[in-house]
Amino acid sequence: MDTLYWLIGVLTYGAIALVALWGAFCLILVWRRVAQTRFRSPDAQEEFLDELDSHLARRDFEGAAALCEDDRRALPQLALYAIENRDLGPARVQKRLIERFQQDVLADIEHRLSWVGTVIKSAPMLGLFGTVTGMMAAFGNLSKGGSVNQTKMAEDIMFALITTALGLAIAMPLIIGLASINVRLRKMEDSVAAGMSRMLETFRAVLSRS
């Protein structure tokens, strides 16, 4: 029986470690994805839009496309898509841009965020499982009768407390990180929406002159 509890303990520690690594990995990926997708400041986005407007005002679509082509941030890529599909008309382009932003940018970020949420929920549950297992081992030692192995009981109780602490220690930083990511994500969505609105206004003005 002691061997079984030892094996469960090893597996519990291993599962907690894997969950912690996966949660941190997903959080870092989302953080980098948001950082790569958004402009660092509103001024940087305005500067890009000013340069884009100057190309579009001259109907220099090739220059506007070249400006956006190597920029992997969300707004330049959406602008490039709008330029390449300008024959569809402003209304259809706007609809396509919203769909593209949802599918290519937000869907991937939300997928990773869902994994972070899963880790936040599962880490304390794994800790609770370790707690229950440790207490079962401790009470099993008591039920044998005769002299109680106090060292073994202390180890079992310590295992129960350590797994609980580990589960909480994993979940709490991820909760803070997730909240921070959500704030950055909302700011990015607002920034991209404002940029798309300005870009489409320029498109309408330019295409109406054709």
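**View 1. Helix α5 contributes three residues, the largest share, to the nonpolar patch.** The structure is a predicted model, in which local features need pLDDT of at least 70, side-chain atom pairs count only at pLDDT 80 or more, and totals for chains, interfaces and linings use all residues. Residues are numbered from 1 along each chain as its sequence is written, and side-chain values use heavy atoms, with hydrogens and water left out. Helices are DSSP runs of H or I with at least four residues, numbered from the N terminus.

**View 2. The nonpolar patch lies on the surface and consists of Met135, Phe139, Leu142, Ile157 and Leu161.** Together these residues have about 460 Å² of accessible area (Shrake-Rupley method, 1.4 Å probe, only the protein chains shown counting as cover for residues). Such a patch joins nonpolar side chains (Val, Leu, Ile, Met, Phe, Trp, Tyr) within 5 Å, from residues with over 30% relative accessible area and no salt bridge (a side-chain nitrogen of Lys or Arg within 4 Å of a carboxyl oxygen of Asp or Glu). Helices α5 and α6 (150–208) each supply at least two of the patch residues; Phe139 lies in α5.

**View 3. Asn141 is a residue of helix α5 (residues 90–143).** With a relative accessible area of 8%, Asn141 is buried (under 20%, 1.4 Å probe, protein chains only). Asn141 and Met153 are 12 residues apart in sequence, and their C-alpha atoms are 6.7 Å apart.

**View 4. Arg186 belongs to helix α6.** Its relative accessible area of 38% makes Arg186 partly exposed (between buried and exposed, the latter being over 50%). A C-alpha separation of 22 Å is found between Arg186 and Val119, which are 67 residues apart along the chain.

Definitions and conventions:
Patch = residues over 30% accessible without salt bridge, like charges linked within 9 Å, V, L, I, M, F, W, Y side chains within 5 Å.
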